[in-house]
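Trainee: I would like to learn how to read a model like this one, feature by feature. Could we go through it together?
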Amino acid sequence: MSEVTATSTALSPRRMMLKQALRHRGLLFGGFIVVTIVLIAIFAPFLAPHDGYEQVLSRKLIPPVWFDSPKATWDHILGTDHLGRDYLSRLIYGARISLMIGFSAMLISGVIGTTLGVCAGYFGGKVDLVISFLITTRLSMPVVLVALAVVSLVGSSLTVVILVLGFLIWDRFAVVMRSATQQVRNLDFIASAEALGSSTPRILFVEVLPNVANHIIVIATLEMAHAILLEAALSFLGLGVQPPDPSWGLMIADAKGLMFFDGWLIAIPGTALFLLILAINLLGDGLRDVTAPENRG
Amino acid sequence: MKSVKTSVLFALFAMTALPAIADKSDDTLNWATDKEVAVVDPYFSVTRELIVMGQMGWDGLVLYNNETREFDPLLATSWKWDGNTAVEFKLREGVVFHDGSAFTADDVIYTVDFLVNEANGVPAKSIYNWMKKATKIDDLTVRIELNAPTATAFNYLSNEIMIMPEGHYDKASEGADGKKDFTTVTPNGTGPYKVSESKPGDFVKWEINDAYFEGGAKGTPQIGNVNFRTIAESNTQLAELLTGGLDWAWDVPQEQAIRLDESGKVTVTNEKTMRISYIAFDIDGSSNTDAFTNKLVRQAMAHAINREAIATELVGPASVVIHSACHPDQFGCTEDVTQYEYDPQKAKALLAEAGYPDGFEFDFYGYRQREFSEAVIGDLAAVGIRANLNWMQYRALLAEVHAGKTPINHMTWGSGSIPDVAAITSHFFKGGPDDPANDPLTAAAIERGDTSVDPAEREVAYAEALGIISEELYWLPMFTYTKYYAFSNDLNFVPTPDEIPRFYSASWK
Amino acid sequence: MLAYLFKRLISALLVALTVSAITFSMTFLTGDPAITLGGETATQEDLATIREFYGYDKPIPVQFFNWLGNAVQGDLGHSHYLNQPVATEIFTRLPTTMTLGFCALLFALVLAIPLGVVAAIRPNSLLDRIALGVAVVGQAMPSFWFALTMMLWFSINWGILPVSGTDTWAHFVMPSIALGYYITPGVMRLTRAGMLEVLQSDYIRTARAKGVSRFSLLFKHALRNAIIPVVSLAAVQFGFMLGGSIVIETIFAINGLGFLAWESIQRADLPMMQAIVLILSLFYIMLTYFADAMNAWLDPRIRVA
């Protein structure tokens, strides 16, 4: 616990947080990895040595270059999959799709959850009652099952998966935003804004949101990881992203069949996914430590 | 600390808790598939597993011999056709059901009557609705009348018409809707095995029928117990095979099969099946794409897909590329039709000629063995055709196909393992929701084949139909399916192309 | 406290009603449920029969109330695929999944609570970070990969555990670990947080001053208080695990509710799917209610609120 010295050279709360952030190892490590993966995803076309969709059946299942096998070649550093597609290229392009799913689902659920949570926290009373009720209802439904059922009945595609996930994982946003807003609600600056006659939307956007923004960011990172993992589970059961698109979840699911023999097929995208999820979690935890340590645990 | 002691004890316990691996040592064959078996009755559970179990617990009048391609006597010892629509069977003497009752003509009559009676609601009508009725001539002679000449009559009698004891389904208890629930009857047949224990959806255990008659086409069973279990996850099946918990599995994916073979821990074989893969086109433009109404486009597709590579690399060594809408082993099938070789350049030229120099985009529907469809899509992409894979469950996809909504559907057909073109070409090209073309010329030719009983005449008629189908490319026939079997090194087992594993013929080494 | 419990009960019932409405509406996701059930070779005649049997030809609100009314009486509908009452199948499989869930919970608690206690004793130390790491690491791996990897090592390579099925208790070891690992971090953190709070309380300081032994202090005094929120979290997580067991049950060939749900989805057995979602949701609601009640009973502050 560091002390804040009340001198005129004291740093603003924001600058203090930044300093703390830069010293938080988990946050730095997580942030670094996430940023790296995002950059890889953005620059995929320049980084990928081959076209991740090009299949040449005669060169299928070539092991990575460090294997002691006559087929291994530097032309395919990470080997090829069961349809002869370059694994490294698919991994790089897969970053795009996994990140996109995570990000989009997070965005949708974030908008839904934050709106509900802030409204519940700000307006209280009957609004809170109804929204809390909605949250409890959503929490009572088994997520994976419902997602599976919907996708199987409607048909799976990237859009459907993102929408389904987005509409299912907003609960943590709502819960956290609700309590954060409640805490902010009774502070002076809100009261004065109301007294000044500011319109409610204005208050919400200008006064409330910026003060709960740090919570949003923390939850956003965690739900992004959650969405990516859920997509992997859906792909395992055949109802996630559809081939030939290379999401990491799908690559893992496809590789599952040869797991006992060619373990590298699943280990490579699996490790990538693992690193990404870990990094996102560390980043989220770190942000929480720095901006709202009281919420820890 | 407390937790350390516990974990050591735990580990010790774990080592003693391995269940006894049942196999040759206690004369039990463990087999598994990924499907559940909820009902042990060959009529009320329309699954492959029950066709297999049907042959274990019951017998038909005859049995198809895959080598001689003829029908061998089983419960019937001889038969004679009386015209095209009636056949008289002499039945075997001295056969008993599992409950001890004697097998007579009454049981055959009861079975046929029960099936054709619509009120009983027996699913899969096509296996029995060719029969009109059965009459008793004497205790060991029965006459079955047909509704119309049916080329595949004996195939059904062999594979699907299992003889039930008289009054078998009368013992059914009432279901929730007040009607009799025929799935509640205890299994009772004449077959080489009988059910010793079963739990719906979980397992079915069969034990040898010591009183099984001698001299029939199924021979005498050797293995004492045959236990079935559901294992949905293929890796789990693999793990059980490798650790001896499972003695037999099929439908092993190619790569896994190859690796299993290399490990030497199990025996692996690749066998033909009657199933074929095909691509059906939307000929009349009822879907959201009318590209395939143009024959040039269909031809382009035929040249764009490297079927040979898919068959060799992905399916299995026993797989072959086919050019007709039938399986080469089926009676009436001929490969002497228009053939399209793999030629991507030609495909692009045809596309340009058809007005699609830059290719086009469309929805591609499939349901089975995703990597095959993926391979096809990859080939199409190479000539500029962008296919969006719509992966669905079979029933849902079939509904879409019937509604005419699929520009292309990549499907398979097993023909019920029947080695006759009537089981496939007639099903798909005589008009109706499964027919992509609804071409009267083709339908007429097929009809001639179906209603004749002269083999030569049938062959000519079917050849005409198949010729049209391949020339017009109503379908692009792809390749034959093969199946990988993996089983214990201690087991003598021979797979057959009809996909009905004969456990009653298996034995330990 | 009775008033509080009563209010919560009403709320729980309302949630249950809403959940059933949502579950019921799944019927119409594909447009015509009769086609989904009838499938392939269903003729118009077959479809009409299906519609009549399941009541799809009636107006929607009527259908809903019929369905609900039946469900309350224990009739969860008729499985089209299995041609039996849904309830029979579900209640045959439920004990298996409950056993699995219970074992998984046990594993999670046995792993997480000691870890949480240890982490709380030395907050922010290496031990604390390792404990957190162990917890977090398992969560970042897709569950099926984790489960299959365990199978590879424990069954295939070392041969100390059976691969699949439910014959002996040893069959439940890997599935329980795979399923339970996911709630370990949550339980661990909660234990840690609770312990931290309690350890700094006056109550503990007094006990320490009185000379109570370290061990007794930790477990008899501190943990007993810190465990309260953990127990209610555990109850709630149990419900969550019942719903999340699909993947694990599929991999380990465990014939429970999760696997039944997956099979029902594959064969589009709508009545079964709906019933399972409903049962699991109701279970969850019941458990949360129970957790709330227990919290209220143990923590007087909540009762008064």
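Trainee: How do the axes of α5(A) and helix α1 of chain C cross, and within what distance do they come?

Mentor: First, some ground rules. This is a predicted model, where local features need pLDDT of at least 70, side-chain atom pairs count only at pLDDT 80 or more, and totals for chains, interfaces and linings use all residues. Residues are numbered from 1 along each chain as its sequence is written, while chains are lettered from A and ligands numbered from 1 in the order in which they are written. Helices (H or I, at least four residues) and strands (E, at least two) are DSSP runs, numbered from the N terminus. Axes are lines fitted to C-alpha atoms, for helices over the stretch in contact, and angles run from 0 to 180 degrees between N-to-C directions. Here, the axes of α5(A) and α1(C), residues 2-25, come within 9 Å and cross at roughly 60°.

Trainee: What word describes how α5(A) and α1(C) lie to each other?

Mentor: Angles under 35 degrees count as roughly parallel, over 145 as roughly antiparallel, 65 to 115 as roughly perpendicular and the rest as oblique. α5(A) and α1(C) are therefore oblique to each other. The crossing is also right-handed; that word applies if the near helix is turned clockwise from the far one by less than a right angle, and left-handed if anticlockwise.

Trainee: Which residues make the contact between these two helices?

Mentor: Two residues are in contact if their C-beta atoms, placed from the backbone, lie within 7 Å. On α5(A) they are A:Phe133, A:Thr136, A:Thr137 and A:Ser140, and on α1(C) they are C:Leu14, C:Val15, C:Thr18 and C:Val19. For classes, Ala, Val, Leu, Ile, Met, Phe, Trp, Tyr, Cys and Pro count as nonpolar, Asp, Glu, Lys and Arg as charged, and the others, Gly among them, as polar. By that scheme, this contact has four nonpolar, four polar and no charged residues.

Trainee: Now the whole interface. How many residues does the contact take from chain A and from chain C?

Mentor: Chain A gives 32 residues and chain C gives 34 residues. On the side of chain A, the elements giving two or more residues are α5 (125-140), α6 (143-154), α10 (200-236) and α12 (264-291). α6(A) gives the most, with nine residues. This side of chain A has 24 nonpolar, seven polar and one charged residues.

Trainee: And where does chain B touch chain A?

Mentor: The contact joins 22 residues of chain B to 20 residues of chain A. On the side of chain B, at least two residues each come from α5 (234-243), α6 (254-263), α8 (307-315), α10 (370-382) and β14 (386-391). α10(B) gives the most, with seven residues. By class, this side of chain B has ten nonpolar, six polar and six charged residues.

Trainee: Let's zoom in on one residue of chain B. Is B:Arg386 buried or exposed?

Mentor: A residue is buried if 20 or more other C-beta atoms lie within 10 Å of its own, exposed if 12 or fewer, and partly exposed in between, with C-beta atoms placed from the backbone. B:Arg386, which lies in strand β14 of chain B, is exposed, with 12 other C-beta atoms within 10 Å. Apart from neighbours within four places in sequence, B:Arg386 is in contact with B:Gly359, B:Glu361 and B:Ala381.

Trainee: What share of chain A and of chain C is buried?

Mentor: In chain A, 52% of the 297 residues are buried, and in chain C, 48% of the 305 residues. Chain A has twelve helices and zero strands, while chain C has 15 helices and two strands.

Trainee: Can you show me a helix pair within chain C? At what angle do α5(C) and α13(C) pack?

Mentor: α5(C), residues 86-121, and α13(C), residues 257-266, pack at about 135°, with their axes 7 Å apart. That makes α5(C) oblique to α13(C). Their contact divides into four nonpolar, two polar and two charged residues.

Trainee: Last one: what pLDDT does chain B average?

Mentor: pLDDT is the predictor's confidence in each residue, from 0 to 100. Chain B averages 88, and 94% of the residues score at least 70. Over residues 1-21 of chain B, though, the pLDDT is below 50. Where pLDDT is low, the predicted coordinates should not be read in detail.
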